[in-house]
Amino acid sequence: MSTLAHTMMTTARSSDSGFVGPGELDSYPYAESPGADRVSGASAWEGTEQDLGRVGRRAAGNRGRGLHGQLVQQLGQMIVSGDLGADRPLVPEEIGHRFEVSRTVVRESLRVLEAKGLVSARPNVGTRVRPVSDWNLLDPDIIEWRAFGPQRDDQRRELSELRWTIEPLAARLAAGHGREDVQQRLLDMVEIMGHALGQADTLTFSRADAEFHALLIQVAGNRMLEHLSGIVSAALQVSGGPVTGCDRPTEAALGLHARITEALAANDGTAAETAMRQLLTVHPEVERVVPAPREH
């Protein structure tokens, strides 16, 4: 085993990555209140999670940022779930009292949510939730909040469709860049995935898988595609079920990753694209969303 593989596997076992494993979906600390039970007015905060320390475990964008990041996580979840709507303003004093945080923490949190398109602040109107059409749906945090909320099925389907559009093209383009350092890094990730598969180490497999796909997009030579690499990483983190061939460690998925690296080494863009399409359509669930690759 290479030094990189050994280091990555050891690190993965000793820390909490935030990746979602099989069966973890129902344990996600998400407030999912039925529409009929939602209340408006001053009591809208009743029944929400008081212990901010219990939220934000999987939000990579806010992990490790203390109360500010945790409040962003909590409010973001509540907005995406529909527990906070546009029917009433978000009053900083009320939020601060409800979650026992300072006005500064509330103000900074609302600014983050405004940057994500979730809320807007206007004079004489206050801060209100914006319609879904205004949200930055490509933001990794919003992807996560949707994927673990009431919109989970739609979010995962949309992510699968987006990945099926982005990644085969990235694989084709990457084949023309023939960088030895990148090729070696991709081979290292395949090696790590192979060892992880043999040891039933889902965490390490997931980390190596995410790096493989992000690296492939980054070396495609298209800056607009590179900008989307975070979306693919977020999609891999929130998959939570057998949606694509990357979601669970299997020999088939490992073999297709290896075929992609072989095609890149041979500068065969067509073969790389085909292998990526096959990787993203391993499971029948995906074939209802996108067609399986044609045999030429």
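Modeller: Let's start with a definition: buried means under 20% relative accessible area, exposed over 50%, and partly exposed in between, with a 1.4 Å probe and protein chains only. This is a predicted model, where local features need pLDDT of at least 70, side-chain atom pairs count only at pLDDT 80 or more, and totals for chains, interfaces and linings use all residues. Residues are numbered from 1 along each chain as its sequence is written, and side-chain values use heavy atoms, with hydrogens and water left out.

Biologist: Why is Gly66 called partly exposed?

Modeller: Gly66 has a relative accessible area of 35%, so it is partly exposed. This glycine lies in helix H2, residues 66–81; helices here are DSSP runs of H or I with at least four residues, numbered from the N terminus.

Biologist: And what makes His227 exposed?

Modeller: Its relative accessible area is 69%, so His227 counts as exposed. His227 sits in helix H9, residues 223–227.

Biologist: Why are H2 and H4 described as oblique?

Modeller: The two pack at an angle of about 50°, their axes 9 Å apart. Angles under 35 degrees count as roughly parallel, over 145 as roughly antiparallel, 65 to 115 as roughly perpendicular and the rest as oblique. H2 and H4 are therefore oblique. Axes are lines fitted to C-alpha atoms, for helices over the stretch in contact, and angles run from 0 to 180 degrees between N-to-C directions.

Biologist: Which residues of H2 meet H4?

Modeller: On the H2 side they are Leu67, His68, Leu71, Val72, Leu75, Gly76 and Ile79, which meet Val105, Val106, Glu108, Ser109, Leu110, Val112 and Leu113 in H4. Contact means heavy atoms within 4.5 Å.

Biologist: What makes H3 roughly perpendicular to H4?

Modeller: Helix H3 (residues 92–99) and helix H4 (residues 103–115) pack at about 115°, with axes 9 Å apart. That makes H3 roughly perpendicular to H4. Pro92, Glu93, Ile95 and Gly96 of H3 make the contact with Arg103, Val106 and Leu110 of H4.

Biologist: How do you know which parts to read with care?

Modeller: From pLDDT, the predictor's confidence in each residue, from 0 to 100. The chain averages 76, and 69% of the residues score at least 70. Over residues 47–64 pLDDT stays under 50, though the model has 46 contacts beyond four places in sequence for them. Residues 240–244 are also below 50. Where pLDDT is low, the predicted coordinates should not be read in detail.
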